[in-house]
Amino acid sequence: MLVNTKAKIGVFSIALGAYLPQFPQLVPNFEAQYEDFKKTIPDTVDIVDGGMVTTKEQAMAAGDKFRAADVDLVFLQLLTYATSYNVLPAIRDLDVPVVCINVQKKLAPDYANTDIPIWLGDLYACGAVGEAVADLERAGKRHAVITGVVEGGDPEVAAQIEDWCKAAQVRRRFRQTNIAQIGRPYPGMMDLYIDETNLYNRMGLYTKQFDWEDMWAIADDITDTEAIKAKAQDIIDTFEVEGGATADDEDILDMAKHVLAFEQWAKDEDLSMIASHYAGKAQGVAGKLDSMLIPAFSMLIKQGTACAVEGDMKVAMAMSILKTISGMGQLSEMYSIDFNEDICIIGHSGSGDADISVDRKPTMKIVPVFHGKTGGGYLTQFYPPAGDVTYLAITQDKDGHFKFVVAEGVNEEGPIFTFGDTNMRTRFSNGAREFCNRWSEEGPTHHMAAAIGRHIDVIEKVGKILDIPVEVVCR
């Protein structure tokens with residue numbers, strides 16, 4: 001990743017303090033369970049350890065740690081029955097979801113040989129869940145429950161924990177990094193316009209504004225010959241260039257200089273998202289830069305910085321979310337409908353994500369005109385594989401509240417457009433007509449992001465963490 005972030009997960013466990021002096025053997029049992037649980041959390045996140053909580057005072061101390069660290073999510077391990085005063089002081093001042101981990105130590109009771117300490121220590125976590133959630137609800141806190149078992153392993157629990165960690169990573173990237181806007185949105189596309197103060201207040205994402213004049217000389221200081229050659233080879237390794245260009249070609253070397261410059265710029269400005277649109281005369285250095293922006297930004301997307309055309313900040317966010325949770329985020333829009341096949345053609349011109357082009361190397365070619373835009377230059381086309389696909393759009397209502405619009409479908413083999421734009425043949429469970437109706441009625445804006453695989457479950461967790469509603473059009 002060009003700009004690295006790591007989610008912070010608050011973790012604590014609870015048990016009823018009254019049990020411990022009665023049954024001292026519970027203490028080492030609970031301590032071991034808590035340590036074992038923390039080891040199941042992926043090392044892709046940082047743990048903020050609130051400890052094992054059996055009193056209100058310990059819960060308050062855990063809450064102090066969580067607030068100081070600005071955690072993105074809280075995992076609450078329920079060891080046995082515990083009253084809710086062990087929970088609320090730890091999370092009262094937080095605005096993140098609390099995921100109650102109701103994971104029983106033993107697969108099933110050995111009824112004849114279970115005494116009270118064994119029951120309380122190995123079989124009674126579920127007794128606390130309803131009470132904890134009732135008081136989280138009354139406190140206005142977002143919440144979720146994961147139920148499972150330790151003995152014998154539980155892949156579903158592991159998958160749920162990993163999904164929550166991926167979702168938390170989205171919040172951390174939004175809070176810790178920035179989005180750049182170069183220029184302004186495509187003229188007249190009012191659905192793309194955005195209030196940057198509202199964006200920061202609601203999503204925690206700060207906007208850095210840049211004029212194109214800031215960019216003209218961006219590559220002038222890139223003089224490391226070996227680095228330029230290596231990046232040129234990276235471009236050739238990434239794209240199949242029409243006409244058989246090599247890493248030694250002057251145009252590819254010049255493109256490599258600009259890619260290196262944009263990479264350094266992204267690092268210096270802590271940019272995980274970029275939205276740009278150029279509507280100038282495309283002459284001289286301006287035209288030179290404009291001609292190679294599409295492949296240059298595609299190289300940035302490959303490294304984790306979402307780059308959206310037409311100045312669309314909302315789709316840059318959607319691309320970043322999918323890139324974070326799935327490893328890819330492809331700019332898309334509705335292109336056409338094949339009524340004979342009952343499929344939607346979905347795609348976009350401009351920068352794309354090489355990681356979605358699984359079955360075929362992305363292609364790059366020069367065109368004399370960018371349709372609907374100034375100038376001409378390099379177009380890139382990516383080739384998503386047949387199989388499951390997820391689409392995500394971010395939109396707003398009249399009061400500025402954000403909403404996620406999502407759908408899952410299946411990409412199918414068959415003919416596609418070959419004029420240099422990425423496009424997919426997607427079949428939806430509700431059919432092309434109904435999908436187009438329902439998707440459009442949600443007001444998703446002109447653009448969406450795409451990723452192979454099915455990711456609605458994780459996106460819903462992202463929505464819960466960011467406190468953004470998620471509208472599912474179809475699965």
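Strand β9, residues 271-277, is largely enclosed by the rest of the structure, because 7 of its 7 residues are buried. The model described here is a predicted one, and every value below was computed from it. On one side of the account of β9 stands strand β6 (residues 178-183), which pairs with β9 in the parallel sense over 6 bridges; within this pairing, Q181 stands opposite A275 of β9. Strand β10 (residues 306-308) also runs parallel to β9 and is joined to it by 3 bridges, with M273 standing opposite A306 of β10.

Strand β18 (residues 448-452) is mostly covered, as 4 of its 5 residues are buried, and its pairing is antiparallel both with strand β11 (residues 330-338), to which 3 bridges join it, and with strand β15 (residues 387-396), over 4 bridges. A450 of β18 is the bridge partner of Q330, and A450 is likewise the bridge partner of Y391. The strand pairings described so far are collected in the table.

| Strand pair | Sense | Bridges |
|---|---|---|
| β6 and β9 | parallel | 6 bridges |
| β9 and β10 | parallel | 3 bridges |
| β11 and β18 | antiparallel | 3 bridges |
| β15 and β18 | antiparallel | 4 bridges |

V405 is buried, with a relative accessible area of 0%. The C-alpha atoms of V405 and H143, which are 262 residues apart along the chain, are separated by 21 Å.

The nonpolar interior can be described next. In soluble globular proteins, nonpolar side chains tend to be buried together. The largest nonpolar core of this model has 101 residues, and those with the most contacts inside it are F75, F262, W265, M317 and F404. Another core lies apart from the largest one and has 37 residues, among them I14, Y19, V74 and L94. Leaving aside residues up to four places away in sequence, W265 touches A180, I182, F210, M215, I218, L271 and I274.

A261 lies in helix α10 (residues 250-269) and counts as buried, at 4% relative accessibility. Beyond four places in sequence, A261 touches I218, A219 and I222. Although A261 and I222 are 39 residues apart along the chain, their C-alpha atoms are separated by 6.7 Å.

The cysteines complete the account, and the structure holds 0 disulfides. C165 is in no disulfide, and the nearest cysteine sulfur, that of C100, is 15 Å away; C165 counts as buried, at 2% relative accessibility. What keeps C436 from bonding to C344? The sulfur of C436 is 6.1 Å from that of C344, the closest cysteine sulfur, which is too far for a bond. C436 is partly exposed, with a relative accessible area of 22%.

Notes:
Residues are numbered from 1 along each chain as its sequence is written. This is a predicted model: local features need pLDDT of at least 70, side-chain atom pairs count only at pLDDT 80 or more; totals for chains, interfaces and linings use all residues. Side-chain values use heavy atoms; hydrogens and water are left out. A nonpolar core is a set of buried Ala, Val, Leu, Ile, Met, Phe, Trp, Tyr and Cys residues joined through side-chain atoms within 4.5 Å. Buried means under 20% relative accessible area, exposed over 50%, partly exposed in between (1.4 Å probe, protein chains only). Contact means heavy atoms within 4.5 Å. Helices (H or I, at least four residues) and strands (E, at least two) are DSSP runs, numbered from the N terminus. Two strands pair if DSSP finds at least two bridges between them. A disulfide is a pair of cysteine sulfur atoms within 2.5 Å.
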